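Please work through each task before reading its solution.

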Amino acid sequence: MSAVLEVSNLRKSFGGIAAVDGVSFDVREGEILGIIGPNGSGKSTLFNCVLGQLQPTEGEVRVDGRVTTGMRPCDLNRLGVSRTFQLLQVFPQLSVRDNLILAGQEHQGSMASRLFGRADAGLGDAADRMIAFFRLQHLASTQAGSLSYGQQKLLDAAMAFMAGPRLVLLDEPAGGVNLTMLGALRERLQAYHSERKATFVVIEHQMEFVMALCTRVLVLAEGRIIAEGDPQSVRSNPKVIEAYLGH
Amino acid sequence: MSRLGAVVVIAAAIFAVVLPFFLKPFGLYLISMWAVLTVAAIGLNLTLGYAGQVSLAQGAFVGIGAYTVGLLLPIGVPFPIAFVAAGLLCFVVGWILGYPALRVQHHYLAFVTLAFNTLVFLVLRNEEWLTGGTYGINGTPRPTLLGWSTNKPLDFYFLCLGAMVVLAAATWWMLRSPWGRAFVALRENPIRALSLGLDTRRYTLMAFAIGSSLGGLSGALYAPLVQFIEPNSFALGMSFNLLLMVIVGGGGYFFGPFLGALVAVLLPEWMRVTQDYYLMVYAALIMVMMAFCPSGLLGLVDRVGRRLRSGEQGPAAAAFEPQSTPP
């Protein structure tokens, strides 16, 4: 299968410290790639460099063969790259439905046509389907800020899928979510993946979540890839154990 | 809008049409001033209340609009053209003023806009060849539109009211479109908005430009209303007063500016019964109001309404709640 995302020799330094140090990897179409690593290993910095939130010091990022290094996040999103953040990022004053419409509206026509077009940008039905898919029907009109943390995590993930992206990067989707909601989130992500054949990259600390969801795992430590492979082989890799346990 | 809200709006609209027939000229002047300043406050509410971009320059845009009309009408330019020119000029200047907002936010942006207001004031005061300097511009005529003379206070009030209604309706249209949602996203979480494909630069500039344009259109009515404009009217005091209107009414609430302008225009006049102390009493009232309802009067109404309906807490993150994340 072709690579949706290609990262070549990516490096990001803050002062003299390299948070990401020459990382290269590909993500193939339809794959769920997990990126794990101890705190401070450079996972989020890597994401932010790939997604245009940070300008890499060196290296190149390609999406579907097109160089996207340093491209603005909004332009990347329009190319079909979507993301969630480590910390919750919903719009608390907007309803669940409006959060979802917002997540897709910039893909509908031009800025001018959106001003004179329909209030829901023609996304009302799509938002309702996404709400049903993530089982948030009873909360559709509720302000996002009033939802529980787990429900907001579900909404956050739903927003990332609203524009029908080719590639979704999920930054610690399970962080802070209770076990019941975690199961629901994993199940919805797997369902979305098998239904739409979407490509995911997932950063996660919760090992069980990664092992159950991902088809391949990369392990980062001190800004470098120290192991790569299927979840089982990575789990038993001595380098990974050492990086996590520190001996 | 709830059914109760619709009833209140319709009742207020009927009141706004019927009331002036029972008012003397000064009363008509005051409610005309309310209509005019409401337009400027709607603009500031768009920039600050919805899009979360702090601006202390709205008074300057009212000034630019007022001087545009004050200069164009005496040389024979028809009022509708001068009116549109005032709006367009402020749109362009507002767009340019929006650029600093792409680099700085919050109190830093407040200082940038404050400096701009001072700059406009200095230009109005010092460029005598154009603006008349401290002598200002006298006798800006009230227009005659399609044979309808607005020279009398009652007629001019209806011109101001009509303009306010049309501009408010246009703003409402925009805010209910995807643009309105994008402005709120800009206020609440620009980084997330950017990651969802929103071109936050364009929306920021647009929020400044449209808000400033409404300030200019307000100024275009202000000049023929007061018929004497001079630089001091558009100094920082005007900008602070417009900011007060937005915050007292409820920033981010569509009807906030209407209510805020009503309080800021009429309350000082009602306080005149306290004679020399009226401004002090007015200031004290405003301080008490802000201490007890920092999200403005409509924020208070909203909170009370929610509690009555479901016992739930008020809006999760009203933009002007002091404990919420800064817009």
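**Exercise 1.** Which residues in helix 11 of chain B meet which residues in helix 14 of chain B?

The model is predicted: local features need pLDDT of at least 70 and side-chain atom pairs pLDDT 80 or more, while totals for chains, interfaces and linings use all residues. Residues are numbered from 1 along each chain as its sequence is written, and chains are lettered from A and ligands numbered from 1 in the order in which they are written.

*Solution.* Step 1: B:Ile247, B:Val248 and B:Gly249 of helix 11 of chain B meet B:Gly296, B:Leu297 and B:Leu298 of helix 14 of chain B (contact: C-beta atoms, placed from the backbone, within 7 Å; helices: DSSP runs of H or I, at least four residues).
Step 1: By class, this contact has four nonpolar, two polar and no charged residues (Ala, Val, Leu, Ile, Met, Phe, Trp, Tyr, Cys and Pro are nonpolar; Asp, Glu, Lys and Arg charged; the others, Gly among them, polar).

**Exercise 2.** Determine whether B:Ile64 is buried or exposed.

*Solution.* Step 1: B:Ile64 belongs to helix 3 (residues 58-72) of chain B.
Step 1: B:Ile64 is buried because 25 C-beta neighbours lie inside 10 Å (buried: 20 or more other C-beta atoms within 10 Å; exposed: 12 or fewer; C-beta atoms are placed from the backbone).
Step 2: Not counting residues up to four places away in sequence, B:Ile64 touches residues including B:Leu89, B:Val120 and B:Gly219.
Step 3: The C-alpha atoms of B:Ile64 and B:Ser212 are 9.9 Å apart, although 148 residues separate the two in sequence.

Conventions: Helices (H or I, at least four residues) and strands (E, at least two) are DSSP runs, numbered from the N terminus. Two residues are in contact if their C-beta atoms, placed from the backbone, lie within 7 Å.
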